[in-house]
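Let us go through them one by one.
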Amino acid sequence: MIRTFFQKKKRLPLFLVPRVRKRHVLPIYKDHETQWKLFAEGALRNQVFHDEVMHRGNKCLACDQLLTTGKTKYPHIEKHHHCYLRLCAGNILPDDSSDIYREVRNAEFPHVPDCRQCKVNNPEYFEGCIKKIFPVHGKCHGHIHEVERYRFDKLAEKLQRDFAYPGSGTNECV
């Protein structure tokens, strides 16, 4: 399935595929869970952050097609993390703030950081956050994560083979 989508198109740039999966990062930041979730989830719902990410370019980096809305082949645009290793250094916005891009859905992290204040007070840090997220087509976003799953499945298989006892064909300790 991965090959069929990209065989006629430019290959997927591997820098878009996260090197560390989202679910593997939280244990790293267990003592800073709120700050990590503010970056990984909350910032995506901040209007200032959203606007900055969406103005990074007019082409999807996965398929090299325009990110225009309307009657295009891939009309939905997602904000894709290529890296989750970051903590938010900002404050939490009040629930009624006009900087909230959209309301919380289902089981999402409920808080949104104050990216406007961070952009003013700490512009270098704010830019660092923006550089970790790219606008991509919704369909391309799914394909990026397919490649991510494929790569991590292959890595898991390799690790299991490497840790197998030589000659036994099993993973049991002797």
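Q: What makes both faces of β2 covered?
A: On one side, Ile 133, Pro 135 and His 137 are buried. The model is predicted. In a regular strand, side chains alternate between the two faces of the sheet.

Q: Why is β2 called mostly covered?
A: Look at the count: 5 of its 5 residues are buried. For β1 the count is 4 of 5, and β1 is mostly covered as well.

Q: How do you know that β1 and β2 pair, and in which sense?
A: Pairing needs at least two bridges between the strands. Strand β1 (residues 77-81) and β2 have 5 bridges, and they run in the antiparallel sense. Two positions show the partners. Glu 78 stands opposite Val 136 in β2. His 81 has Ile 133 in β2 as its bridge partner.

Q: Why is Phe 134 called buried?
A: Buried means under 20% relative accessible area. Phe 134 has 9%, so the label is buried.

Q: Why is Phe 15 called partly exposed?
A: Partly exposed lies between the buried limit of under 20% and the exposed limit of over 50%. Phe 15 has a relative accessible area of 40%, so Phe 15 counts as partly exposed.

Q: How many aromatic pairs are there?
A: The count is 2. One of them joins Phe 15 and Phe 134, with 5.6 Å centre to centre and 70° between the planes.

Q: Why is the pair of Phe 15 and Phe 134 called edge-to-face?
A: Ring centres must lie within 6.5 Å, and planes over 60 degrees apart count as edge-to-face. The values are 5.6 Å and 70°, so the pair is edge-to-face.

Q: What does the pair of Phe 15 and Phe 134 tie together?
A: Phe 15 lies in the loop between α1 (2-6) and α2 (22-25), and Phe 134 lies in strand β2 (residues 133-137). These are 119 residues apart in sequence, so the pair ties together separate parts.

Q: Why is the pair of Phe 49 and Phe 126 edge-to-face?
A: The centres are 6.4 Å apart, and the limit is within 6.5 Å. The planes stand at 90°, and edge-to-face needs over 60, so the label applies.

Q: What makes Phe 49 and Phe 126 a link between distant parts of the chain?
A: Phe 49 is in helix α4 (residues 47-54) and Phe 126 is in helix α6 (residues 123-130). They are 77 residues apart. Both are buried.

Q: Which residues does Phe 49 touch beyond four places in sequence?
A: The residues include Leu 44, Cys 115, Phe 126, Ile 130 and Ile 133.

Q: How do you know that the charged end of Arg 86 sits over a ring?
A: One test is that CZ of Arg is within 6 Å of the ring centre. The charged end of Arg 86 is 3.8 Å from the centre of the ring of Tyr 125. The angle test is part of the rule too, and Arg 86 is counted as sitting over Tyr 125.

Q: Why is Phe 109 called buried?
A: The limit is under 20%. Phe 109 has 11% relative accessibility, so Phe 109 is buried. Phe 109 is in the loop between β1 and α5. Its contacts beyond four places in sequence include Thr 34, Leu 38 and Val 104. Phe 109 and Thr 34 are 75 residues apart in sequence, yet 9.1 Å apart in space, C-alpha to C-alpha.

Q: What covers the buried residues of α6?
A: The cover includes α3 (33-40), α4, α5 (115-121) and β2. The buried residues of α6 are Phe 126, Gly 128, Cys 129 and Ile 130.

Q: Which residues have the most contacts inside the largest nonpolar core?
A: They are Trp 36, Phe 39, Phe 49, Cys 115, Phe 126 and Ile 133, in a core of 20 residues. Helix α3 gives the most to this core, with 4 residues. Another core, of 13 residues, lies apart from it, and Cys 63 and Ile 144 are among its members. In soluble globular proteins, nonpolar side chains tend to be buried together.

Conventions:
Residues are numbered from 1 along each chain as its sequence is written. This is a predicted model: local features need pLDDT of at least 70, side-chain atom pairs count only at pLDDT 80 or more; totals for chains, interfaces and linings use all residues. Side-chain values use heavy atoms; hydrogens and water are left out. Rings of Phe, Tyr and Trp (its six-membered ring) pair if their centres lie within 6.5 Å; planes under 30 degrees apart count as stacked, over 60 as edge-to-face and the rest as tilted. Helices (H or I, at least four residues) and strands (E, at least two) are DSSP runs, numbered from the N terminus. Buried means under 20% relative accessible area, exposed over 50%, partly exposed in between (1.4 Å probe, protein chains only). A charge sits over a ring if NZ of Lys or CZ of Arg is within 6 Å of the ring centre and within 35 degrees of the ring normal. Contact means heavy atoms within 4.5 Å. A nonpolar core is a set of buried Ala, Val, Leu, Ile, Met, Phe, Trp, Tyr and Cys residues joined through side-chain atoms within 4.5 Å.
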